[in-house]
Amino acid sequence: MLTLYRRVKEGNGKWRAEKIREGRAIRTSTLVGPFFVRPFVNGVQKRHPLHSTTFAEARQEADEIEKLYEAQSRGLTVNELTAMQNSNRLPLRTVVDTYLEQKKNKAKKTREQYSLTLNEFIEGLGRIKFLDEINVAALRKYKDFLTAKGFAGKTIDTRINIVNFLLKKNGVEARLPKDEMPVVETEAAVPYSDDELKKLFGEMDDEEAIRYKFFLGTACRDKEVTYAAWADINFDKKTYTVRGKPDEGFTVKNHESRTIPIPDTLAAVLKARRKSNPSARWIFVNEAGVPDNHFLRKLKRIALRASANCGQCRTNVTKGKYTTKKQVEVSCATDPVCEHIYLHRFRKTCATRWQEAGVPIRTIQHYLGHKNLETTALYLGVSDSEKVRDKINEAFGD
Ligand SMILES: [Zn+2]
């Protein structure tokens, strides 16, 4: 019950606020206004004046206002709130808030993703406000809402799956039928074209260039570059040995260390770099001097500057800081979010070059750290169409 206040004019003509005490043996029927209440809205105490002139009316008005705020905070109308209080229905707002509360120990990125998705779920459902209203039709409506926003199949699939976690947790069995789930295109990593590489490297400074040349020259995975140590480089043989770093929690995939040849030009640049850092442990460090693990994020920024983005990708990102923080939809035409720019393509480019240069497939398998030859065969399966164009034309009879 909201506490009632009233304004009282003092002898000196000034107004002061008086808290009204209620209870047995406290006479309130003769009190007159102006009355007001001080409800908490989103954790902030507001002052809300009342129209009523008598105490009895003010009490009733305050109760209605309390209900209104309560309904608002749950995303309901007052009628819906009353209906809910007379039954045992769970509003989706409450269900989502409770679920997000349970996820508060997860990584920041995960929490933001869950919060964005589930708030959007409520928005997309429109007038559907209770957990017991979630059925296949409601989920279709949500999917249509996401589709209308122009999201890619992969994004829609991810969001529906997050909603499914929420439903499972709350014992709701309705799911979108499998054949209605969005088509997720899995793009096999495509080697970078010479033109793309020229654009990307043309935009890099020396430090950036040596990092991504290392990716391109060794076909290493992201973490294998992050945890590359000087001790792993053999300058005489010009090789890099990928080794686990147990003290950093880094283990090599398939638990097999391997040795990869480094191209001469890259080896020379690394040697010069070693001379100026003779006591360092790590080859690629960030501002804090620890192994850099933001190669992907930085590559995406470089690609944007180099106009190497496709211009078609759309996604949501968090912009602003502290109080101005909000989710906004952006395109890869203006932001570093192009889905076609990623580190694995350097690995693919390098492997493809090895193949074209005639390096035996067994050797390529070893350099890539593949456990099975089959993986390597699949990996190198399809040639770049430009490289086989002459043969294609020939076969066509031109
Ligand atoms: Zn793009």
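Biologist: Into which domains is the chain divided?
Modeller: This is a predicted model. Its chain is divided into three stretches: domain 1 covers 4–73, domain 2 covers 92–180, and domain 3 covers 190–398. The bounds come from an automatic or database domain assignment. So the division reads domain 1 (4–73), domain 2 (92–180) and domain 3 (190–398).

Biologist: What distance separates the centres of domain 1 and domain 3?
Modeller: Domain 1 is residues 4–73 and domain 3 is residues 190–398. Their centres are taken over C-alpha atoms. The separation is 66 Å.

Biologist: What radius of gyration does the chain have, against that of a compact globule of 398 residues?
Modeller: Along its principal axes, the C-alpha trace spans about 100 × 55 × 40 Å. A compact globule of 398 residues would have a radius of gyration near 21 Å. The chain, in contrast, has 32 Å.

Biologist: How many helices and strands does the chain have?
Modeller: Helices are counted from at least four residues, strands from at least two. On that count the chain has 15 helices and eleven strands.

Biologist: Which residue in S6 stands opposite Phe36?
Modeller: S3 (residues 35–37) runs antiparallel to S6, and two bridges join them. Opposite Phe36 stands Pro49.

Biologist: Where is the cis peptide bond, and which loop holds Pro34?
Modeller: Most peptide bonds are trans. The bond joining Gly33 and Pro34 is cis, with omega about 0°. Pro34 lies in the loop between S2 and S3.

Biologist: Why is one side of S7 and of S9 left without a neighbour in the sheet?
Modeller: Three strands form an open antiparallel sheet in the order S7-S8-S9. S7 (233–234) and S9 (258–261) stand at the edges. One side of each is left without a neighbour because each has a single partner strand.

Biologist: Which residue in S8 is the bridge partner of Asn234?
Modeller: S7 pairs with S8 (residues 239–242) in the antiparallel sense, over two bridges. The partner of Asn234 is Thr239.

Biologist: Which residue in the turn between S10 and S11 has a positive phi?
Modeller: S10 (residues 314–319) and S11 (residues 326–331) pair antiparallel over six bridges. In that pairing, Asn316 stands opposite Glu329 in S11. The two strands form a hairpin with six residues between them. The residue with a positive phi, about 85°, is Gly320.

Biologist: What phi does Ala219 have, and where is its place?
Modeller: Most residues other than glycine have a negative phi. Ala219 is not a glycine, yet its phi is positive, at about 60°. Its place is the loop between H8 (206–218) and H9 (222–226).

Biologist: At what angle do H5 and H6 pack, and in which crossing, right-handed or left-handed?
Modeller: H5 spans residues 136–148 and H6 spans residues 153–169, with axes 10 Å apart. They pack at an angle of about 145°. H5 passes H6 in a crossing that is right-handed.

Biologist: How do the residues of the contact of H5 with H6 divide?
Modeller: Lys143, Leu146 and Thr147 come from H5. They meet Ile156, Arg159 and Ile160 in H6. The division is three nonpolar, one polar and two charged.

Methods. Residues numbered from 1 in each chain as written. Predicted model: local features only at pLDDT ≥ 70, side-chain atom pairs only at ≥ 80, totals over all residues. Axes fitted to C-alpha atoms, helices over the stretch in contact; angles between N-to-C directions. Left-handed = near helix turned anticlockwise from the far one by under 90°. Contact = placed C-beta atoms within 7 Å. Nonpolar A, V, L, I, M, F, W, Y, C, P; charged D, E, K, R; others polar. Pairing = 2+ DSSP bridges. Rg over C-alpha atoms; globule rule 2.2 N^0.38 Å.
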